[in-house]
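Here is a short report on how some side chains pack together. Look at the structure first, then read on.

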Amino acid sequence: MPVNPSLTERAFPPTAPYLVGREKVREFARAVLATAPIHHDPEAARAAGFADVVAPPTFPVVVQEATLAQLLAEPDGGIDFSRVVHGEQRFDYARPVVAGDELTATLRVTSVKSLGGNSMVTAESSIVDADGAPVVTAVSTLVVRGVDV
């Protein structure tokens, strides 16, 4: 089943709030080899002007993942996860993510394109804090490979 082109502009309900924990930030920082003290030491982060440890720039993918799960589970989407390759990822920040943030994400599909028997699905996850203020927008493009011949 090909990807449903009517997914374009489809919006999904907000995810459950995600509380950014200090240890999660530290674990993620170690995993991506982010060694700056602001990612590990609350005092270093405060000295740099932040409320707590600062998440590495790609950390919002943890929050975004719940929105992409909604997209992949869409009954009429036609997206076979076994045929998905992550094509592109980018983050547009309003401010850094810090430990203690409670983040909620809302996904909107911005385009579905067909290219050489494959489909490219681009989705934008708007991530806001507990006050509803924008924090970061995560944009992903998924390549859904066509049927093998």
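## Cores and rings

This is a predicted model. The largest nonpolar core has 16 residues, and Val-20, Phe-59, Val-97, Leu-103 and Ile-127 touch the most other members. Helix α1 and the strands β3 (102-115) and β5 (134-144) each supply at least two residues of this core. Strand β5 gives the most, with 3 residues. A second, separate core holds 13 residues, including Leu-71, Ile-79, Leu-107 and Val-112.

In soluble globular proteins, nonpolar side chains tend to be buried together.

Now take Val-20. Leaving aside residues up to four places away in sequence, Val-20 touches Val-25, Phe-59, Val-97, Val-98, Ala-99, Gly-100, Asp-101 and Leu-103.

Next come the aromatic rings. How many aromatic pairs does the structure hold? There are 2 aromatic pairs. One of them joins Phe-28 and Phe-59 edge-to-face, at 5.2 Å centre to centre and with 80° between the planes. That angle counts as edge-to-face because it is over 60 degrees. The pair links distant parts of the chain, 31 residues apart. Phe-28 sits in helix α1 (residues 22-31), while Phe-59 lies in the loop between α2 (42-47) and α3 (61-72). Ring pairs also bring in Tyr-18, linking Tyr-18, Phe-28 and Phe-59 into a cluster.

Are Phe-28 and Phe-59 buried or exposed? The table gives the values.

| Residue | Relative accessible area | State |
|---|---|---|
| Phe-28 | 16% | buried |
| Phe-59 | 1% | buried |

Both residues count as buried because their values are under 20%.

Technical notes:
Residues numbered from 1 in each chain as written. Predicted model: local features only at pLDDT ≥ 70, side-chain atom pairs only at ≥ 80, totals over all residues. Heavy atoms only, no water. Phe/Tyr/Trp six-rings, centres within 6.5 Å; stacked < 30°, edge-to-face > 60°. Helix = DSSP H or I, 4+ residues; strand = E, 2+ residues; numbered from the N terminus. Buried < 20%, exposed > 50% of the residue type's maximum accessible area, 1.4 Å probe, protein only. Core = buried A, V, L, I, M, F, W, Y, C linked by side-chain atoms within 4.5 Å. Contact = heavy atoms within 4.5 Å.
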